[in-house]
Amino acid sequence: MLSLHTAQRRAPSRKRQPARIGLAIAGGGPIGGMYELGALRALDEAFEGLDINDLDGYVGVSSGAFLAAGLANRITTDEMCRVFITGDSRDIQFRPETFLRPALYEYLQRAASLPRLTIDWWRGLLLDPRNARWSDIIERFGGLVPTGLFDNTEVERFMRGVFNRRGRSNDFRELPNKLFVVAVELDNGEPVVFGSEGWDDVPISQAVQASAALPGLYPPVELRGRHYVDGALRRTLHASVLLERGIDLLIGINPLVPFNSSGNGAKNAMHHRLAEGGLPAVLSQTFRSLLQSRMQVGLAKYTQQYPDVDQLVFEANSDDGELFHTNLFSFASRRRVCQQAYRHTLEELRRRADELRPALAANGIRLRDEILNDPHRTILSGLAPLPPRGTETTARLRRALEDTERVIAKRTHRRRSRRLSA
């Protein structure tokens, strides 16, 4: 599903210089991240003139922060598919159990406070038995409940290892393109934009860890003496972070939409009564509805505030029952979900092609019809052959050569645009 808002007016300068393009990626748990990867791979292949690893700005929230940080670090969608789908990457070894390790340290830490809490409770009961209430017991012993089921320190360690080698960087200030990662400060509910001024000294791996700390699943992340949790608690895309910096085209991806059980894609009759799925189904539908409605309100507001910006936001199909009923932490489903997102995105681009072409052309992008019209294409069809196994030195040299090629391509495009507008 594509939400398209074309610019009501475009600045004349856009005809003389390359468009400034930003990418905003929402959260959605591991499966939402895999859906986003499939959509990104489709856009990467179908958009000619778009270098998805060399955009003017990236903003990521929760699982979207993983992908945004990877793209800004020049990890291609090709390589991401090898890391998460085929598993044959010669550079990054992904293990699902890294994201699902129980938070044993916090369990023990909370349990250690049980004797003290018990003594305090008994003392209060003996001194003032008339005022003892069940609500007091719940409040007093609520601190024993862990803030998260899984440990996210290993997640941070994994990302730190990836970003600190082969010419990549774990420092926002060293990236060639702007990257922003959004989290929410737990104690006041305010969003914090890591990568912005004053927050760009925080390591990228820690910023992503904080942005993905969904309460109940992962513990809050402590940085500078404060605790931070999932950035989606305030906004879905946080696209304003990019819009405020003067981009011409916004591309957004949101994998979590409410399920429409009466849609054409809903195949199983049980989908018509979500309540039969119990509390998990009800909470999932509620969470998805809140995220999407909040995003739609934001996009409508952005259309008024930024009339010279084209907005393309890709979402999952609302009648995709298979995606809705897939466990958000089911890594075994990641290949199927990726392929599903890849095909859905290509189909949406093909269906809306005539409507999209003018807005894309205004930003120097052309649709590759040979990609859109290939009915047998899969997410793995366009993967390049595995590169030879190289050393750290050769990887850094390859990175430097790629950066040089990008600079030359930009200058060539700028000269061609000036000649056409002259």
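1. Ala316 is found in the loop that links strand S10 (310-315) to helix H11 (321-324); helices (H or I, at least four residues) and strands (E, at least two) are DSSP runs, numbered from the N terminus. The model is predicted, so local features need pLDDT of at least 70 and side-chain atom pairs count only at pLDDT 80 or more, while totals for chains, interfaces and linings use all residues. Residues are numbered from 1 along each chain as its sequence is written, and side-chain values use heavy atoms, with hydrogens and water left out.

2. Ala316 has 1% relative accessibility and therefore counts as buried (under 20% relative accessible area, with a 1.4 Å probe and protein chains only). Between Ala316 and Ile253 the C-alpha to C-alpha distance is 8.8 Å, although they are 63 residues apart in sequence.

3. Leu312 touches (heavy atoms within 4.5 Å) residues including Leu2, Phe47, Ile251 and Leu360, with residues up to four places away in sequence not counted.

4. Helix H1 (residues 29-46) packs against helix H2 (residues 63-72) at an angle of about 40°, their axes 8 Å apart. Residues of H1 that meet H2 include Gly29, Gly32 and Gly33, and those of H2 include Ser63 and Gly64.

Notes
Axes are lines fitted to C-alpha atoms, for helices over the stretch in contact, and angles run from 0 to 180 degrees between N-to-C directions. Buried means under 20% relative accessible area, exposed over 50%, partly exposed in between (1.4 Å probe, protein chains only).
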